[in-house]
Amino acid sequence: MNKNDICIISLGCAKNIVDSESMGQVLQRDGYRLVAEPKKAGVVVVNTCGFIGDARDESYTILGELAAGKRKNQLIIAAGCLTQRYREEVASRIPGINGILGTRRWMDIAQVVRALQRQKPGETLYHLPETPDSGGEVEGVLRATRQAGSAYIKIADGCRRPCAFCAIPLIKGKPVSRPTDSIIHEARILQESGVKELVLIAQDTTDYGSDLGIADGLAKLLEQLTSEVPDMPWIRVMYAYPGYVTDRLIEVMATRPQILHYLDIPLQHGHPDTLKRMKRPHNLGWVRNTLTKMRTAMPDMSIRSTFIVGYPGETDAEFQALLDFMEELKLDHAGAFPFSFEPGTASESLGDPVPLEVKKARLEQLMLTQEQISLGCNQAQVGRTLDVLVEGVGDGITLGRSYRDAPEIDGLVITAGDAEVGQFIKVKVNGAMAHDLTGTRLD
Ligand code: SF4
């Protein structure tokens, strides 16, 4: 075990993976070596997730396992969202942890490792300076993570929305948009390294530029990106906020061929009263109009959303209204979560009155409803020829994604035969399931 070998374990969402990648680059620049196996590392960094109860439980379990199997002189650092909010609890629940680093100071990871290597064993080092946000550019460090032919790129961090159930603004602080020039510079680097799909992420991509005084910032960013990085074949936008998908954004998406006709727009619910209690936009007319505008401008538009079931006060009638809304919208993809009680958020005073078994039953019913809707959307693809970005090959089968599917969360296109990972193939769709499509390769 070399004391300068570091293993980073990333939990949670793609935004956290980007932070882990950036921490890895900071460490490598300081002379540390990254290793994949925690057992072989002198330092193990766990970039935790603290978004909801299940994610926190997973973070505690992994930290606990690592602490239990810790080798002599090995150092464990808990970083990320969980530690930003629950610093003392993390240290007291997992006694073997040596260092606590808040998510807002991910860029200080090498400094924390050096300090830990110098200090006496047995003392816990806390590195959570008062920082209002988690923004921050480190020269030469990419805010992106690559997987096969795709790369997630962070365009902003933090959130100013008031969603009553969400702890992210408490964890991440106010939104900080990255300079457009930095994003374009990184997009060029990624394109030159062979990336074919750039996936734009932030807590709320449609808020991009608000802190920089840029109106309609996401649309303007996409215009600049497509003009200045014209060889990036696919650009995908995730996490749009209802009410902020502007006419200009729709026009840019419809007229710039690099931008995929795909949008992830978490709606969270389909009943205005539930949405009001969630402190979310509750104008369902806006949702209907905006989806119509998008589908008129881009008839092949693929839309994803996320919903919460069992929010405090959700009646049977409100839940039914959500199912009816989903039937009406016919979204290509949807995910759902049972409400997770988060102390300190605006919904705390509402408690968690919907019983767990009701939440589970509603979740199952919602997912069954969406499965039928997704199946219908997929069946409508049969006969189409799609460009598919290859993600994996094995046992005579190729797995890839078309523009309709975002990495990790949506479906796949399955074809027979081999292809090169990270390259495009043309596939004629001949079969549809609820999540995936099958097809024949044409080239
Ligand atoms: S938009 Fe709402 S749900 Fe999303 S990160 Fe911000 S506060 Fe949380």
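These legends describe an overview and several close-up views of a predicted model.

**Figure 1. Overview of the 443-residue chain.** The predicted chain contains 13 helices and 20 strands. Its C-alpha atoms fill a box of roughly 65 × 55 × 50 Å along the principal axes. The radius of gyration is 22 Å, which agrees with the value near 22 Å for a compact globule with 443 residues. Buried residues make up 56% of the chain. Of the contacts between residues at least 6 apart in sequence, 74% join residues at least 24 apart.

**Figure 2. Surface and charged side chains of the chain.** The chain carries 50 positive and 57 negative side chains, with the centres of the two sets 4 Å apart. Side chains of opposite charge can pair when their charged atoms come close. In this model the count of salt bridges comes to 35.

Figure 3. E139 is 104 residues from V35 along the chain, and the C-alpha atoms of the two are separated by 23 Å.

**Figure 4. Salt bridge between R178 and E137.** The N to O distance between the two side chains is 2.7 Å. R178 lies in the loop between β10 (176-177) and α7 (180-192), and E137 in the loop between β6 (125-127) and β7 (144-147), so the pair ties together parts that are 41 residues apart in sequence. R178 is buried, with a relative accessible area of 5%, whereas E137 counts as partly exposed at 40% relative accessibility.

**Figure 5. Salt bridge between R161 and D204.** The side chains meet at 2.6 Å, N to O. Because R161 lies in the loop between β9 (156-157) and α6 (168-172) and D204 in the loop between β11 (197-201) and α8 (217-228), the pair ties together parts that are 43 residues apart in sequence. Both R161 and D204 are buried.

**Figure 6. Salt bridge between K154 and D157, and the network that includes both residues.** The side chains of K154 and D157 meet at 2.9 Å, N to O. K154 is buried, with a relative accessible area of 1%, and D157 is buried as well, at 2%. Salt bridges with shared partners join K154 and D157 with D19, R143 and K172 in one network.

Note on methods
Residues numbered from 1 in each chain as written. Predicted model: local features only at pLDDT ≥ 70, side-chain atom pairs only at ≥ 80, totals over all residues. Heavy atoms only, no water. Helix = DSSP H or I, 4+ residues; strand = E, 2+ residues; numbered from the N terminus. Rg over C-alpha atoms; globule rule 2.2 N^0.38 Å. Buried < 20%, exposed > 50% of the residue type's maximum accessible area, 1.4 Å probe, protein only. Contact = heavy atoms within 4.5 Å. Areas by Shrake-Rupley, 256 points an atom, 1.4 Å probe, with all protein chains shown as cover. Lys, Arg positive; Asp, Glu negative; His and termini not counted. Charge placed at Lys NZ, Arg CZ, Asp CG, Glu CD. Salt bridge = Lys/Arg side-chain N within 4 Å of Asp/Glu carboxyl O.
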